[in-house]
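I opened this notebook page to look up the charged side-chain pairs. My entries follow the display below.

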Amino acid sequence: MVIGAEEEIIVPHEVTSIGNRAFYNCKSLERIEIPNSVTSIGDGAFSDCSSLTDISDFVIPDGVKSIGEQAFCGCSALVDIKIPDSVFENWFKEHPININTATKKQLERFPFLSEQLVENILYYIHKNGPMLTDKELMM
């Protein structure tokens, strides 16, 4: 059950998981409030929500431990969001990768990398050679 209008949705505190493709292609969805009770966001949960600009004041709650593949794919209006460290820790344990040798297809599997970021990473490595520290990812 979801409470709210099409433009804004408030997920109830009883919800612990946002399922695969739960809000897929909700073109008019601009904002969603996710409570701390949510521990997982499924594959493609918000895919193609092209008007989505705000998720819980740009912060995914610390309770979220996993975000599925392409969860935010096609969210072209979403420009800034904080993802809890626990998501990254779990993701990399399940999907180890050498970013210096990764292909475009491998990088696109990361739910938190937009198409533009994937292109930027590949260009940076092509131009400058292998990344030596994680600080280079922030460039």
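**Entries on salt bridges**

I looked up Arg31 and found its side chain joined to that of Glu8 in a salt bridge (3.5 Å, N to O); the term denotes a side-chain nitrogen of Lys or Arg within 4 Å of a carboxyl oxygen of Asp or Glu. Arg31 belongs to strand 4 (residues 31–33) and Glu8 to strand 2 (residues 8–10), so this pair ties together parts that are 23 residues apart in sequence. Helices (H or I, at least four residues) and strands (E, at least two) are DSSP runs, numbered from the N terminus.

I note that the model is predicted: local features need pLDDT of at least 70, side-chain atom pairs count only at pLDDT 80 or more, and totals for chains, interfaces and linings use all residues. Residues are numbered from 1 along each chain as its sequence is written, and side-chain values use heavy atoms, without hydrogens and water.

I then checked accessibility, where buried means under 20% relative accessible area, exposed over 50%, and partly exposed in between (1.4 Å probe, protein chains only). Arg31 is buried at 18%, whereas Glu8 is partly exposed at 37%.

I found a salt bridge between Asp54 and Arg31 as well (2.9 Å, N to O). Asp54 lies in strand 6 (residues 54–55) and Arg31 in strand 4, so the pair links parts 23 residues apart in sequence. Asp54 is buried, with a relative accessible area of 11%.

I recorded that Glu8, Arg31, Glu33 and Asp54 are linked in a network of salt bridges. The structure holds four salt bridges.
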